[in-house]
Amino acid sequence: MFNQLLINGIIAGAIYALVASGFSLIYSVCKFVHFAHGAVIAFSSYFLYLLFSMLGLNFGFSVVLSIIFASILGFLIDKIVYKELRKRKASNTILLIASVALLIFFESLILILFGADVKTIGYIKISKGIEILKAIITPLQIVIIIVSIILLILLFLFMKKTKLGKAMRAVADNKEVAEVVGISAEKIYSWSFIIGSLIAGIAGILVGLEQNLEPTMGTNLMIKGFTAAIIGGVGSVPGSILGSFLLGLVENFGIWFLPSGYKDAIAFIILFIFLLFRPQGILGIKK
Amino acid sequence: MNKTTQIIIGIIVAIIILGGIWYGLSRKSTTLTTKEPIKIGVMLPLSGKNALNGQYIQQAIILAQEEINQNGGINGKKLEIIFEDDQCDPKVGATIAQKLINVDKVPLVLGPWCSSVALAVAPTFENSKTIMIAEVITPKLTTAGDYIFRVQPTGAFYMKTLAEEVVKTLGIKKAGVMYIGNDYGASVKDAFVKEFENNGGTVVDVEQYMDKQTDFKTELIKISQKNPQAILLASYAQDAGLILKQAKELGINVQFLGVPALENKDLIKIAGEAAEGLIYPYHFNFENPNENVQKFVSSYTSKFGHQPDGFAVLMYDGTYIAAKILEKCNSDTECMKNELYNNTFKGVTEIKFDSNGDPLLPINLKTIKNGQFVPYEK
């Protein structure tokens with residue numbers, strides 16, 4: 001039974017991690033809360049639905065296109081909305097409000113384009129999962145866990161080893177000094193949106209396959225993804241992924257002992273504990 | 001702006017005002033020459049998330065209205081219906097209720113469909129002695145007053161049949177419950193637990209989940225540890241679909257029981273084969289060979305291009321009930337109230353109101369077979 005709870009926690013954590021990592025990447029570089037990240041995830045799910053379920057394209061091809069689409073959408077959001085606001089010297093609070101507005105805008109757009117009823121992609125037939133160490137898990141859930149662990153490693157290497165990653169860290173650390181040494185902050189902002197939204201695209205596809213598509217799915221995913229990112233340390237991408245797994249595990253073990261209605265309460269108590277005693281999160285650096 | 005433009009605008013405004021007055025007067029005079037129609041109000045969610053449900057019911061009411069008017073109306077007067085959109089919002093509902101009572105002065109209102117709106121407006125209608133025939137499931141409306149009726153049975157009424165049948169015909173003695181954490185879920189759960197235990201069964205575990213939740217794996221594992229023979233889902237179609245899917249993935253093999261709200265295409269869309277064999281109580285069977293049923297289904301389908309749902313059926317009958325009591329009592333609501341309590345109304349279904357204004361409808365079990373909602377056969 002312990003194994004099954006562990007697996008359930010890891011699956012939940014992996015889904016939170018997919019949401020939190022892209023969000024956290026954008027936050028660490030641009031220093032504002034990009035709530036519309038949830039809308040990018042939802043849009044990529046619906047885009048896959050459009051290509052695969054409605055137009056009947058090849059599944060692999062649809063997946064690749066959806067991820068590219070999400071990436072472009074993120075880039076355009078930054079270019080058309082945030083960049084213009086930054087030009088006008090908008091504060092981070094203004095950007096945050098703009099991101100909430102974008103989230104609502106995109107959700108309404110999905111509602112108009114696709115309707116309010118639930119959509120399913122229906123690529124995977126529902127059947128009993130595989131038994132590993134007395135715990136049951138479906139192949140898709142294994143893929144979700146593996147993808148989120150690979151993302152953790154890749155993002156870590158990307159930030160530490162590549163030139164772009166180093167530039168991102170430089171901008172994240174001190175924008176003015178980075179610009180003095182010749183790094184264009186605007187360019188780095190664009191890149192962080194492209195890469196962050198690419199991860200959102202992957203998240204949208206996996207979540208869309210595991211759950212259903214609803215216009216408000218982005219908001220629901222963001223609530224837990226945001227909580228996980230704060231717990232892990234919102235400026236740190238690996239931290240946000242660790243925070244996600246911690247949250248998933250605590251929720252699932254918690255309701256084993258407490259009544260199951262307390263699931264969300266457990267998540268937010270953890271959040272409060274971190275905000276009070278370790279506001280910088282698991283891997284965040286105290287400033 | 002020079003003087004000429006001002007004069008021209010002034011003339012245009014004057015013409016529009018005069019035209020409006022003339023139009024208003026002429027409309028009134030034409031209706032006065034024939035007999036004045038009988039007006040009733042309707043409150044439904046016609047926009048927002050629940051718009052589709054509201055639309056089906058509205059269509060059923062329009063169909064009934066047309067049939068009534070074609071057959072000579074009510075004592076030779078036409079039945080006129082004022083449709084109002086309550087958006088499933090109690091605040092909007094309260095304003096509409098005031099308008100229907102004070103401006104339109106209707107003796108009778110059909111709807112609301114949303115429990116929260118019904119609970120908010122029921123005292124207003126009760127105090128003004130206006131008949132309200134709602135279509136909601138919440139048990140709290142039962143005691144709302146003498147002028148408050150409904151065509152849909154309460155959650156408790158459905159659960160009574162379900163619990164009895166499950167114990168007697170399926171021989172299930174141990175059951176678990178999963179319910180959504182709101183007024184609806186909690187009231188259905190309470191009703192089931194009470195009825196199931198009255199029939200000699202034991203409820204081994206009750207698990208609550210929150211609205212918008214999508215992961216039910218640990219809840220399912222927890223409930224299946226207690227070895228229930230059946231699990232009741234007091235849910236909406238979307239959550240129930242995910243629960244059935246995840247139960248199948250986890251290899252949990254028990255009899256699932258449901259509620260009327262699960263007769264919804266979304267359930268089949270989400271759960272697919274995992275929905276097969278679900279048993280739930282329902283107030284209507286579309287395959288019933290009864291002449292009235294088939295006549296309603298075919299005329300509704302040919303008029304609107306899609307099949308009616310179980311809510312549309314009940315409000316279609318509700319409209320006929322309204323016409324029948326209006327025919328007998330004109331606008332005397334005291335008389336209408338007594339008529340409602342003392343008669344059995346035969347339409348597509350057969351509705352008899354109990355002393356609380358709740359309908360005593362025959363409830364039967366249905367199940368899902370090959371992706372279709374069909375009557376359950378032992």
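Is A:Arg86 buried or exposed? In this predicted model, A:Arg86 counts as buried because its relative accessibility is 17%, and the cut-off for a buried residue is under 20%.

Chain A contains 11 helices and two strands. Followed along the sequence, its elements come in the order α-α-α-α-β-β-α-α-α-α-α-α-α. Along the principal axes, the C-alpha atoms of chain A occupy a box of roughly 60 × 50 × 35 Å. Buried residues account for 53% of the 287 residues in this chain. Among the contacts in chain A with a separation of 6 or more, 74% are made by residues 24 or more positions apart. The chain exposes about 12,800 Å², and carbon and sulfur atoms supply 73% of that area.

Chain B has 12 helices and 14 strands. Its C-alpha trace spans about 85 × 55 × 40 Å along the principal axes. Of its 378 residues, 52% are buried. For contacts in chain B between residues at least 6 apart in sequence, the share that joins residues at least 24 apart is 65%. The accessible surface of chain B comes to about 16,700 Å², with 53% belonging to carbon and sulfur atoms.

A:Ile68 counts as partly exposed because its relative accessibility is 42%. Together with A:Val64, A:Ile72, A:Leu76 and A:Ile80, A:Ile68 forms a nonpolar patch on the surface, and the five residues have about 440 Å² of accessible area together.

A:Arg86 is also found in helix α3 of chain A. Beyond its neighbours within four places in sequence, A:Arg86 is in contact with A:Phe32, A:Asp78, A:Leu95, A:Glu186 and A:Tyr189. The same helix holds A:Lys87 and A:Glu84, which lie three residues apart, about one turn of the helix. Their side chains meet in a salt bridge, with 3.6 Å from N to O. A:Lys87 is exposed, at a relative accessible area of 57%, whereas A:Glu84 is partly exposed at 28%.

Over all chains, the count of salt bridges comes to 23. One of them joins the side chains of A:Lys224 and A:Asp264 at 3.0 Å, N to O. A:Lys224 belongs to helix α9 (residues 217–232) of chain A and A:Asp264 to helix α11 of chain A, so this pair ties together parts that are 40 residues apart in sequence. A:Lys224 is buried, with a relative accessible area of 13%, while A:Asp264 is partly exposed at 27%.

In chain B, the side chains of B:Glu207 and B:Lys222 meet in a salt bridge of 3.9 Å, N to O. Because B:Glu207 lies in strand β7 (residues 202–209) of chain B and B:Lys222 in helix α7 (residues 217–224) of chain B, the pair ties together parts that are 15 residues apart in sequence. Both B:Glu207 and B:Lys222 are buried. Salt bridges with shared partners also join A:Asp78, A:Arg86 and A:Glu186 into one network.

Helix α11 of chain A also holds A:Lys263, which counts as buried at 4% relative accessibility. Leaving aside neighbours within four places in sequence, A:Lys263 is in contact with A:Glu251, A:Asn252 and A:Ile255, and also with B:Gln213, B:Asp215 and B:Glu219. In the segment after α11 (263–277) of chain A lies A:Ile282, a partly exposed residue with a relative accessible area of 29%. A:Ile282 and A:Gly239 are 43 residues apart in sequence, but their C-alpha atoms are 6.1 Å apart in space.

Strand β13 (residues 364–369) and strand β14 (residues 372–375) of chain B pair in the antiparallel sense over four bridges. B:Lys366 stands opposite B:Pro375 in β14(B). Two residues lie between the strands of this hairpin, in which B:Asn370 takes a positive phi near 50°.

Notes
Residues numbered from 1 in each chain as written. Chains lettered and ligands numbered in written order. Predicted model: local features only at pLDDT ≥ 70, side-chain atom pairs only at ≥ 80, totals over all residues. Heavy atoms only, no water. Patch = residues over 30% accessible without salt bridge, like charges linked within 9 Å, V, L, I, M, F, W, Y side chains within 5 Å. Areas by Shrake-Rupley, 256 points an atom, 1.4 Å probe, with all protein chains shown as cover. Salt bridge = Lys/Arg side-chain N within 4 Å of Asp/Glu carboxyl O. Buried < 20%, exposed > 50% of the residue type's maximum accessible area, 1.4 Å probe, protein only. Pairing = 2+ DSSP bridges. Contact = heavy atoms within 4.5 Å.
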